[in-house]
Amino acid sequence: YLRRHARESRVHLAELKSAPADTTVGGSLGTVSMSVSGESDLEGLLTFLDALDAGEKLVHIDQLEIESSQRGEAVGAEVLSFQLVARGFARNGARE
């Protein structure tokens with residue numbers, strides 16, 4: 001899900017880690033914690049975040065850090081590095 005939105009938004013994901021699903025949230029609701037880092041220009045990053053916000057799956061971003069990338073200075077273009085921590089919610093037993 002995240003990879004698809006990243007690809008469609010021109011966001012390069014450098015790292016994507018997820019923790020095992022936590023099913024203790026509620027009887028029918030489970031969460032998956034994710035840690036994501038990557039690079040993009042400002043338009044790509046905003047498109048990616050908007051896609052997560054408006055997408056068909058519920059994703060809550062707990063933390064977001066954005067900074068100018070050293071790589072951008074080297075190629076003469078705007079490149080932003082970002083790291084985010086998010087939680088995805090799904091019904092227990094639901095299929096992707």
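Ser40 lies in strand β2, where helices (H or I, at least four residues) and strands (E, at least two) are DSSP runs numbered from the N terminus. The model is a predicted one, in which local features need pLDDT of at least 70 and side-chain atom pairs count only at pLDDT 80 or more, while totals for chains, interfaces and linings use all residues. Residues are numbered from 1 along each chain as its sequence is written, and side-chain values use heavy atoms, with hydrogens and water left out.

The protein chain contains three helices and four strands, which follow one another from the N terminus in the order α-β-β-α-β-α-β. Of its 96 residues, 31% count as buried; buried means under 20% relative accessible area, exposed over 50%, and partly exposed in between (1.4 Å probe, protein chains only).

Ser40 is itself buried, with a relative accessible area of 7%. Leaving out residues up to four places away in sequence, Ser40 touches Ser9, Arg10, Val11, Leu45, Glu78, Val79 and Leu80, a contact being heavy atoms within 4.5 Å. The side chain of Ser40 also has the two approaches listed below.

| Group reached by the Ser40 side chain | Distance |
|---|---|
| Side chain of Asp41 | 3.4 Å |

Strand β2 (residues 29-40) pairs with strand β4 (residues 80-91) in the antiparallel sense over twelve bridges; two strands pair if DSSP finds at least two bridges between them. Opposite Glu39 stands Ser81 of β4. Strand β3 (residues 58-68) also runs antiparallel to β4, joined to it by ten bridges, and the bridge partner of Leu58 in β4 is Phe89.

The largest nonpolar core has 15 residues, of which Phe48, Phe82 and Leu84 touch the most other members. Two or more residues of this core come from each of α1 (2-8), β2, α2 (42-54) and β4. Such a core is a set of buried Ala, Val, Leu, Ile, Met, Phe, Trp, Tyr and Cys residues joined through side-chain atoms within 4.5 Å. Apart from neighbours within four places in sequence, Leu84 is in contact with Met34, Ser35, Val36, Phe48, Leu49, Ile61, Gln63 and Leu64.

Note on methods. Polar contact = N/O pair within 3.5 Å; in protein donor to acceptor, adjacent residues only side chain to side chain.
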